[in-house]
Amino acid sequence: MTKAKNPDLTYPDLSNYEIPEDKLAQIEGMRDAEKRALMARKAELEECECREGMFPNPMASRRSFFAGAAAAAAAAGSLPMVARAAAPPGAKEFEVPSDPTKVQGRLTNDDGGYGSRSQFEDEVRWRFPTKTKESSWTMTPLAAGMGMITPSGLHFERHHGGIPTINPASHSLIVHGMCDKPKKYSVADLKRFPSDSRINFIECSGNGLTEFKAPYLKTVQGTHGLTSTSEWTGVPLSTILDEVGVKPGAAWILAEGADAAVMTRSVPIDKAWSDAMIAYGQNGEALRPEQGYPIRLMLPGYEGNTHIKWLRRLEISDKPFQTREETSKYTDVVKDGKARQFSFTMEAKSVITFPSGEMKLPGPGFYEITGLAWSGRGRVKDVEVSTDGGKTWHLASLQGPILPICHTRFRFPWMWDGNPALIASRCIDETGYMQPTIASINEVRGVNGHPKFASIYHLNGIMAWAIGADGSVVNAVHKV
Amino acid sequence: MIKKLTVPSRGATVAAGALVVTLSFAAVAGAETFGFGTTPTEQEIAAVDIDVMPDGRGYPEGSGTVAQGKEVYASKCAACHGENMEGVKEAGGAALIGGRGSIGTPKTKKTVESYWPYASTLFDYVKRAMPFNEPGSMSNDEIYAVSAYILHKAKIIDANATMNAETMGKVEMPNKDGFIPDPRPDVFNYR
């Protein structure tokens, strides 16, 4: 058996690059977040017999070891049987019996009526270490994901003024501006309208910002973790627009949140009429507070920042409002020195989540390559996988249902011969658009006026992973 | 009785069809609506209608001078944005001035002076989100004043300027022509 890869905690030297200061801070912050997570894993691996194999899960083995030791000690009368507090977030710690068939299990509904995950599952979001914890973001652990739905508690986050605590009974949505009948809706009012449910991804347009020029972060959580998929339930915005009677000449709607940032974005009214929704449900229950409880705007396929959370106001107007988040931020400087604005659509993209960075294949043989593909323009039509660095591409099978503007799981059977390999995926959406290489994106856009480092937003280029002869998997973005 | 037909939309293409159905049915059925919710009072709307637009719409009553703004800045802004608006990395506060002409060069530095295309965005953002430790706490006079001070330090307005709804609506920012619409898809490898 091979020994699990000791996480390599060295990162590329950036001193040769002239990187704008704000961008450098972001890249270094992301690196530090990933480093902390890898260090924690390394520490656990060192004291664990679970080092072998491709899915090291130190928590599970270590926990069962300690739990077993504690139970034995308790049985010998040397330790009182008390629950330990060190369960992972979202879990509760329970004694582990040596044989669960020989003792009764926990009492039915003793969890108060709301379940939690196993104490042996410890996947968590990472926080990007911004200077304040109010304005910050977290990344979804994609490598551990299954199917296409992101658990609500693992959905990525981006907050600009923290997570507000809002009592839905005192929250309202005011719709006004260029309309015949301004309206004020309670959350209960909104729930009276005919509802709709859709499974859509939301992706932050900053997803991948460290990877524009060269491989930088090590794991798929770091390189692609700012995208998540949920089933969202709410009232179509078109219903509300019918109710208030939009006046001729209306072209934009300002959406505003009730957080400390009073977050605002301008939305084209065509989008508002088509598939926009005021959502109050997520994966079969109310929105999570960090996802906008009690109501958020859904603009399927648009960059995440536009999906205003804690929605309190919609103002209909003839012009965009030019808020800070659509001028100073979320704009892309391209090679002529101009900045692209209102770049709403998240274009076709895909990434292999297994095998991915910092995993280890135990040896030659069969592996199912799997990953996620998505497009803000509609359904995924095809996903192609290459295992030879992009020389040849092969169709992957797509796990149904294949829904528009939704993560789509792809799978590709692969016999690894034990030689170094370069694996990559590319997504073709129903418009025929094929996910490009990062080189071709940078060729068109330039790199923020700089030959080495690019813009920050809207990177949808091909991702690649290099598999070494020892089975180790490392970030090889730009190699395909 | 509710006669209105609302067809949930299923993505952009289908949604366009749904919209036609909805509108034509409404035209046949008259202006009937569900009628849920209430009519907000003018005061209720005014309490949340805080946005300001580039053409001057939305600026509230009030005014402030560069000199007054210097005081406001020192007490409410300098801790995070720096005594000279250079930014304070440890506090997460961005630089507000400098970098003019740098956009698109290797030394790109995005500040209010170098990058922000509209003065209205400055007033709007300060009013809704600043100062970070006490958001939404500044009076309109204070916001006009501190906007005046920042715009002056950015060499956009004179030292003796007063900002109010009229004057601030006329301020032209150095990078006002720096933005273009999104041209994507910009990499053409369709099949």
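In chain B of this predicted model, residues 24 or more positions apart account for 54% of the contacts with a separation of 6 or more. Buried residues make up 39% of the 191 residues in chain B. Its secondary structure consists of seven helices and three strands. Read from the N terminus, the elements follow the order α-α-β-α-α-α-α-β-α-β.

One helix of chain B can be described in detail. Helix α3 of chain B spans residues 66-76, and its buried residues are B:V66, B:G69, B:V72, B:Y73 and B:K76. Viewed down the axis of α3(B), these buried residues fall within an arc of 110 degrees, so they line one face of the helix. An α-helix has 3.6 residues a turn, so residues three or four places apart point the same way. The cover over the buried residues of α3(B) includes β1 (63-65), α4 (78-81) and α6 of chain B.

For A:I278, the contacts beyond its neighbours within four places in sequence are A:L190, A:G234, A:V235, A:L237, A:I240, A:I295, A:L297 and A:L311.

In strand β13 of chain A, the bridge partner of A:I253 is A:I316. Strand β8 (residues 252-257) of chain A and strand β13 (residues 311-317) of chain A run antiparallel and are joined by six bridges. The sheet is open and has five strands of chain A in the order β5-β4-β13-β8-β9, with mixed pairing. At its edges stand β5 (183-186) and β9 (264-268) of chain A, each with a single partner strand, so one side of each is left without a neighbour in the sheet. From one strand to the next, the twist averages 20 degrees.

Chain A also has an open sheet of three strands in the order β1-β2-β3, and here the pairing is antiparallel. Its edge strands are β1 (126-127) and β3 (157-159) of chain A; each has a single partner strand, so one side of each is left without a neighbour in the sheet. Strand β2 (residues 136-139) of chain A is joined to β3(A) by three bridges, and the two run antiparallel. Within β3(A), A:R158 stands opposite A:W137.

The two chains meet as well. In contact with 58 residues of chain B are 72 residues of chain A. By class, the side of chain A that touches chain B has 26 nonpolar, 24 polar and 22 charged residues. Strand β15 (residues 339-341) of chain A pairs with strand β3 (residues 179-181) of chain B in the parallel sense, over three bridges. In this pair, A:R340 stands opposite B:I180 in β3(B).

| Strand pair | Sense | Bridges |
|---|---|---|
| β2(A) and β3(A) | antiparallel | three bridges |
| β8(A) and β13(A) | antiparallel | six bridges |
| β15(A) and β3(B) | parallel | three bridges |

Conventions: Residues are numbered from 1 along each chain as its sequence is written. Chains are lettered from A and ligands numbered from 1 in the order in which they are written. This is a predicted model: local features need pLDDT of at least 70, side-chain atom pairs count only at pLDDT 80 or more; totals for chains, interfaces and linings use all residues. Two strands pair if DSSP finds at least two bridges between them. Helices (H or I, at least four residues) and strands (E, at least two) are DSSP runs, numbered from the N terminus. Two residues are in contact if their C-beta atoms, placed from the backbone, lie within 7 Å. Ala, Val, Leu, Ile, Met, Phe, Trp, Tyr, Cys and Pro count as nonpolar, Asp, Glu, Lys and Arg as charged, and the others, Gly among them, as polar. A residue is buried if 20 or more other C-beta atoms lie within 10 Å of its own, exposed if 12 or fewer, and partly exposed in between; C-beta atoms are placed from the backbone. The arc is that of the directions from the helix axis to the C-beta atoms. Axes are lines fitted to C-alpha atoms, for helices over the stretch in contact, and angles run from 0 to 180 degrees between N-to-C directions.
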